[in-house]
Amino acid sequence: MVVRGSTVVEAAQLEAEVAGLDALELAADDEPGRLARVWASLWPKLAAVVLFFGVWQLLVWTGWKEEYILPSPFTVMANFGSEASDSEFWDAIVRTMQRAVVGYALAVAVGSAIGAVVSRVSLLRRAVGSMITGLQTMPSIAWLPLAVVLFTLSERAIMFVVILGAAPSIANGLITGIDHVPPLLLRSGKMLGAGRLGLYRHVILPASLPAYVHGLKQGWAFAWRSLMAGELLVIVAGHPSIGTKLQYSRDFSDYPGLYSWMIVIFVLGVVADSLFGKVDSAIRRRWGLIDSAS
């Protein structure tokens, strides 16, 4: 019996060691797959960047505009490098991103509260449902004169424009998500004993999450556009930002600087879109809306 017990223990240890070796082998085999997936997602973006700069350089060579108005991408990138070495360059980016984060967070709070209430109260839906869509279609720049009248040339005027630009999209995203919750899920939740609050927390909100995240993504796009419009027209003294730098570059005919700041705006927008894309993919994968192996 002692020998048999020893044999069983040794067999178990051998199986554990073999399983560990198999796991290491699988991890090693999976590494090229990860690199291939990263490259597959990266090379189209790199190709698009190369194509964009190639078309830009071709336009410069055609002489369509004078080179001081349409400088070559090499001139712009050289100017970008010199701008990036200045601390005020990064101060402007930090200031703009702080405004973007604060304004967007306030818009999320306002839009989510409005969407949650309107989606569950039929009287409010009939009263203000179409007004939310109407507010969403209004250009952000149309709010700037009112913002200046109410708050003068200040940070609050910019926040006002950002919130009004983003909150309607976020509210509509939540309303749409709640409207498309399958009735079967609602009946199942009620049969399991969920009350109004429990049903909302454990059934309605999770089921509406994909549409809500889409509304958050769209709200960020509107918030970013509203912020750029606000910074271009509402210049707060002593508060450098991307918008003010862009406006100063135009006023002083610094066209390489103008293109440099436009590239900064574009890059920040792409980074934010990529982050929202990852969140959206994770949520849709969690709910089985896309293949988990993809």
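In the predicted model, Thr75 is found within helix H2, which spans residues 73–84, and with a relative accessibility of 34% Thr75 counts as partly exposed. Although Thr75 and Gly257 are 182 residues apart along the chain, their C-alpha atoms are separated by 9.8 Å. Ser154 counts as buried, its relative accessibility being 14%, and, when neighbours within four places in sequence are left aside, Ser154 is in contact with Val234 and Val236.

Aromatic side chains were considered next. A pair of aromatic rings is described by the distance of the centres and the angle of the planes. The count comes to 14 aromatic pairs. The centres of the rings of Phe53 and Trp56 are 5.7 Å apart and their planes lie at 15°, so this pair is stacked. Because Phe53 and Trp56 are three residues apart in helix H1 (residues 2–62), about one helical turn separates them. Phe53 is partly exposed, with a relative accessible area of 24%, whereas Trp56 is buried at 7%. Trp220 and Trp224 likewise form a stacked aromatic pair, with 5.9 Å from centre to centre and 20° between the planes. These two tryptophans are four residues apart in helix H9 (residues 209–233), and are therefore separated by about one helical turn. Trp220 counts as buried at 12% relative accessibility, and Trp224 counts as buried at 9%. Ring pairs also link Phe52, Phe53, Trp56 and Tyr259 into a cluster. In a further arrangement that involves a ring, the charged end of Lys65 sits over the ring of Trp64, at 5.4 Å from its centre.

In the largest nonpolar core, which comprises 45 residues, the members that touch the most other members are Tyr104, Ile158, Trp220, Trp224, Leu227, Ile242 and Trp261. Two or more residues of this core are given by each of helix H3 (87–120), H5, H6, helix H8 (196–207), H9, helix H10 (242–251) and helix H11 (255–286), and H6 gives the most, with 12 residues. Trp220, not counting residues up to four places away in sequence, touches Ala100, Tyr104, Ala272 and Phe276.

The structure holds six salt bridges. In one of them, the side chains of Glu155 and Arg99 meet with an N to O distance of 2.7 Å; since Glu155 lies in helix H6 and Arg99 in helix H3, this pair ties together parts that are 56 residues apart in sequence. Glu155 is partly exposed, with a relative accessible area of 23%, while Arg99 counts as buried at 4% relative accessibility. Arg99 also forms a salt bridge with Glu231, for which the closest N and O atoms are 3.0 Å apart. This second pair links distant parts of the chain, with Glu231 in helix H9 and Arg99 in helix H3, 132 residues apart, and Glu231 counts as buried at 0% relative accessibility. A further salt bridge is that between the side chains of Arg250 and Asp251, at 2.9 Å from N to O; Arg250 is partly exposed, with a relative accessible area of 49%, and Asp251 counts as partly exposed at 40%. Through shared partners, salt bridges join Arg99, Glu155 and Glu231 into one network.

Conventions. Residues are numbered from 1 along each chain as its sequence is written. This is a predicted model: local features need pLDDT of at least 70, side-chain atom pairs count only at pLDDT 80 or more; totals for chains, interfaces and linings use all residues. Side-chain values use heavy atoms; hydrogens and water are left out. Buried means under 20% relative accessible area, exposed over 50%, partly exposed in between (1.4 Å probe, protein chains only). Contact means heavy atoms within 4.5 Å. Rings of Phe, Tyr and Trp (its six-membered ring) pair if their centres lie within 6.5 Å; planes under 30 degrees apart count as stacked, over 60 as edge-to-face and the rest as tilted. A charge sits over a ring if NZ of Lys or CZ of Arg is within 6 Å of the ring centre and within 35 degrees of the ring normal. A nonpolar core is a set of buried Ala, Val, Leu, Ile, Met, Phe, Trp, Tyr and Cys residues joined through side-chain atoms within 4.5 Å. A salt bridge is a side-chain nitrogen of Lys or Arg within 4 Å of a carboxyl oxygen of Asp or Glu.
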